Amino acid sequence: MNAFSFLHVEYLLQAAVWTVVLSLVAFVFGGVAGFVIALWRVSPNAVLRGIASGYIQVVQGIPLLVILFVAYFGLAIAGFKLTPLVAAGISFAIYCAAFLGEIWRGCIQAVPKTQWEASECLGFNRFEQLTKVILPQAVKIATPPTVGFMVQIVKNTSLASVIGFVDLARAGQIINNSTFQPFTVFGCVALIYFCLCFPLSALSKHFERKLNVSHR
């Protein structure tokens, strides 16, 4: 049995970097897809609304763990062998797209209907309505819940350990298997997660107060 040392802390910090990397990959790619889904959800085209709604319902109805298994083990059986990082990135992007799409859809629809009507009176087409009137207002409404959702992404990355991705949680398991000091090891893991998530939570509350979203 090895004693818990600074080298173990260094290993945890390195794993925390990969946790951040996976979180960023999930948010960036999931955010792009989620933005498209949000626009489809408010589209006048019934087909696009149906596709976006179906995607959200399917993904939100499936556990993230199952999506990870399908992306890593399922695609491997089909002949597409992905690295744990790529499989986890795809899985989390799919997951984030569904939730961010629905969050942003709600924020777009939260913009008063009179704003749509006023932009129509000015002769704006659909693209001009969104880019010049609706989206700038929706961004203010969406900022606090979006930042808050990022906290969930960071914490949910711990599920990626089931497909061999060495994130912060997995690194803690590895160290604990050699040191048998769970309180010390996972106490450090919890502290690092807190250091990653607390600034995001504080930022979310700051934006909520600054933008006065709660009183809209």
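Begin with a definition: helices (H or I, at least four residues) and strands (E, at least two) are DSSP runs, numbered from the N terminus. The model is predicted, so local features need pLDDT of at least 70 and side-chain atom pairs count only at pLDDT 80 or more, while totals for chains, interfaces and linings use all residues. Residues are numbered from 1 along each chain as its sequence is written, and side-chain values use heavy atoms, with hydrogens and water left out.

**Whole chain**

Show the cartoon. You have 8 helices and 0 strands. Reading from the N terminus, the order is α-α-α-α-α-α-α-α. Switch to C-alpha atoms: they fill a box of roughly 75 × 45 × 20 Å along the principal axes.

Now colour by burial. Buried means under 20% relative accessible area, exposed over 50%, and partly exposed in between (1.4 Å probe, protein chains only). Of the 216 residues, 38% count as buried.

**Ring pairs**

Select Phe, Tyr and Trp. Their rings (for Trp, the six-membered one) pair if the centres lie within 6.5 Å; planes under 30 degrees apart count as stacked, over 60 as edge-to-face and the rest as tilted. The whole structure holds 6 aromatic pairs.

Select Tyr 95 and Phe 149. Their pair is stacked, at 6.4 Å centre to centre and 25 degrees between the planes. Why does this pair tie together parts that are 54 residues apart in sequence? Because Tyr 95 lies in helix α4 (residues 84-110) and Phe 149 in helix α6 (residues 126-156).

Move to Phe 194 and Phe 198. Their ring centres are 5.2 Å apart and their planes at 25 degrees, so this pair is stacked. Both sit in helix α8 (residues 182-211), 4 residues apart, which is about one helical turn. Phe 194 is partly exposed, with a relative accessible area of 48%.

Then pick Phe 69, Tyr 72 and Phe 73. Ring pairs link these three into a cluster.

**Last stop**

Select Lys 132 and Phe 124. A charge sits over a ring if NZ of Lys or CZ of Arg is within 6 Å of the ring centre and within 35 degrees of the ring normal. Here the charged end of Lys 132 sits over the ring of Phe 124, 5.4 Å from its centre.
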